[in-house]
Every structure is written in structure tokens, then in C-alpha cells.
Amino acid sequence: MVVVTGQGRASRDPDEAMSSSEAEDEFQEPATPTATQAGEALPLLPQQFPEVVPLNVGGTHFTTRLSTLRRYEDTMLAAMFSGRHYIPTDAEGRYFIDRDGTYFGDILNFLRSGDLPPRERVRSVYKEAQYYSIGPLLDYLEDVQPLKGEKVRQAFLGLMPYYKDHLERIIEIAKLRAMQRKARFAKLKVCVFKEEMPITPYECPHFNSLRFERSESETKLFEHHCEVDVSFGPWEAVADVYDLLHCIVTDLSDRGITVDHQCIGVCDKHLINHYYCKRPIYEFKITWCLHIQMYWLMYGEIAGK
């Protein structure tokens with residue numbers, strides 16, 4: 001109940017006229033009472049938790065000790081159950097976390113006893129550990145397969161100029177050709193080369209070093225573009241051409257694209273004197289799932305009308 005007193009109006013001079021607008025302002029409808037005014041206030045902080053905590057994580061139920069949730073103080077779970085934040089409960093009194101609970105059991109097992117998930121669950125548990133900001137678990141997972149190998153792979157790809165742009169170009173060219181042919185697959189020519197120029201025991205003495213420290217005029221003599229759709233390279237790393245091909249196939253496969261490739265020869269571009277390009281050229285066959293291809297075909301027909 002909201003009580004309005006007349007003290008403010010009593011101080012007004014009786015002889016002073018009141019306009020209609022002033023009267024409306026004076027008698028405006030009071031604002032809707034807040035939850036606090038209505039006696040429905042949220043529990044006062046700090047919130048108290050039992051020693052054994054029932055949890056509802058996205059509909060999946062768990063039970064654990066409060067000390068387990070607070071094991072690492074710099075994590076989201078420790079902050080949530082520190083008492084500084086209000087955690088809602090479901091109809092059964094379980095503390096609710098609005099997150100898919102599929103891998104939450106792996107999170108609890110690590111907090112309880114340091115157990116790591118099986119290899120096939122490592123990537124998914126890693127994402128959950130990122131969400132809950134569990135630094136020690138992230139460190140452990142980054143040092144086991146498959147994340148350890150992925151870390152090395154990404155370090156290598158970081159040395160590859162325009163790698164992601166070239167991947168997108170492969171997809172766009174293949175998509176366009178498949179739509180034009182109304183087919184599930186398309187073929188492209190891709191050049192993958194590590195060195196900037198031909199290297200043979202005969203050619204090496206003609207240059208300053210194996211790192212190709214040469215003059216600007218020498219550089220221009222060897223600059224050219226192979227007649228292919230996409231070129232990857234050059235790069236400076238121990239990883240070779242086959243390592244990069246594996247990365248390309250893996251990243252395209254992660255996007256639902258099947259890739260078959262084979263070397264169909266080398267670039268025979270004549271550079272200067274007795275020097276030829278000799279960069280390897282691969283034929284990529286890009287294949288999509290049928291439902292994706294049907295969508296593209298339908299979209300292409302609609303766009304063409």
C-alpha cells in the first residue's frame with residue numbers, strides 16, 4: 001500500500017491558482033511497487049550454502065561438496081558459491097546453473113581428485129573449462145593429445161601467410177563451380193610450396209645463402225604466379241608440404257567438406273636462363289554433403305530468377 005500525504009499541498013498559498021497541468025503532475029499515479037516494497041525481496045547477501053550442494057546444470061543433476069566447488073578460488077564456480085552472488089534454485093531446491101551439463105561431471109571429477117577426461121572428450125571438456133575459468137584444468141588439457149598437437153599445428157599455421165584467406169577462397173571457388181555444374185563436387189588446382197625458389201645442389205652456389213638473402217633485382221627475377229586457383233607458401237618452418245596439405249584437409253573436413261587431393265605435376269614456368277619454377281601442383285576434389293548441395297542449387301535458381 002502506498003500512502004500519499006497532503007503536507008506538500010498544505011504549504012501552498014490558498015490564494016495561488018493551480019493550473020490543470022500542475023494538478024495532473026501533483027496527482028500522478030504512483031510507480032509500480034518494487035519487489036522489495038511488495039515484500040518479495042531476494043535473499044540478502046551473503047547467501048549461505050550447505051556443506052553438500054545439490055546442483056541442476058541445464059537439467060542434469062549433480063551433488064558435490066561445497067569445498068569441491070571452491071577448490072580453486074580464481075574460478076567461476078568458486079565465485080558463484082562464495083556467497084557474494086545469488087544463485088537461483090529449482091523447484092526441488094537444487095542450485096541452478098544455466099549451462100549444458102553433458103561434461104560437467106568431468107569438471108567435478110577434476111575438482112574432486114584431479115582426474116582428466118578420456119581423449120575423445122578432451123576438446124569438449126576444454127571448452128567447459130574455459131567457460132568456468134578453471135586454469136589448472138586448462139593447463140593439463142593443453143599438454144595432452146589432441147590439444148597438444150593442435151597447439152603445435154596452430155603455431156605452424158601462424159607462420160603461413162594468408163592461410164585462412166586461402167581456405168575461404170578454396171571454398172568459394174569450389175562452391176561456385178559446383179553450383180554452375182549442379183554437382184556435388186568441384187575440382188581446383190592448388191599450389192603448395194615451401195621454398196621461394198628452386199633449390200638443387202647445382203643452383204645453391206648461385207645464391208647468397210639457403211635463406212635466399214639476395215638483391216632486389218634477383219628477387220624480381222623469380223617473382224611469378226603459378227597458373228592455379230590458390231597458392232600456399234612460402235613459409236619458414238620444419239614442417240613440409242605434406243604437413244600443410246594435412247592441415248588444409250583437416251580444416252576443410254571440420255567444416256563438413258570432404259577433400260581428395262593428388263599431385264598432378266609441377267609448374268614449368270620458365271624464370272631465367274636454366275631456372276624453372278618446379279612448384280608442385282595438386283588437384284583438389286571438393287565434395288559436400290547432399291543436403292548442403294541441394295540448398296545451394298535451390299538458392300542459385302532463386303537468385304537467378
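Aspartate 251 lies in helix H11, which spans residues 241–253; helices are DSSP runs of H or I with at least four residues, strands are runs of E with at least two, and both are numbered from the N terminus. The model is predicted, so local features need pLDDT of at least 70 and side-chain atom pairs count only at pLDDT 80 or more, whereas totals for chains, interfaces and linings use all residues. Residues are numbered from 1 along each chain as its sequence is written, and side-chain values use heavy atoms, with hydrogens and water left out.

With a relative accessible area of 13%, aspartate 251 is buried (buried means under 20% relative accessible area, exposed over 50%, and partly exposed in between, for a 1.4 Å probe and protein chains only). When residues up to four places away in sequence are not counted, aspartate 251 touches Arg153, Leu157, Tyr163 and Leu167, contact being defined as heavy atoms within 4.5 Å.

Proline 234 is placed in the loop between strand E5 (230–232) and H11. The peptide bond that leads from glycine 233 to proline 234 is cis, its omega being near 0°.

Positive phi values in residues other than glycine were computed for serine 133 and lysine 182. For serine 133, phi is near 55°; this residue is found in the loop between helix H6 (122–131) and helix H7 (135–142). Serine 133 counts as partly exposed because its relative accessibility is 36%. For lysine 182, phi is near 50°, and the residue is in the loop that runs between helix H9 (163–181) and strand E4 (185–192). Lysine 182 has 56% relative accessibility and therefore counts as exposed.
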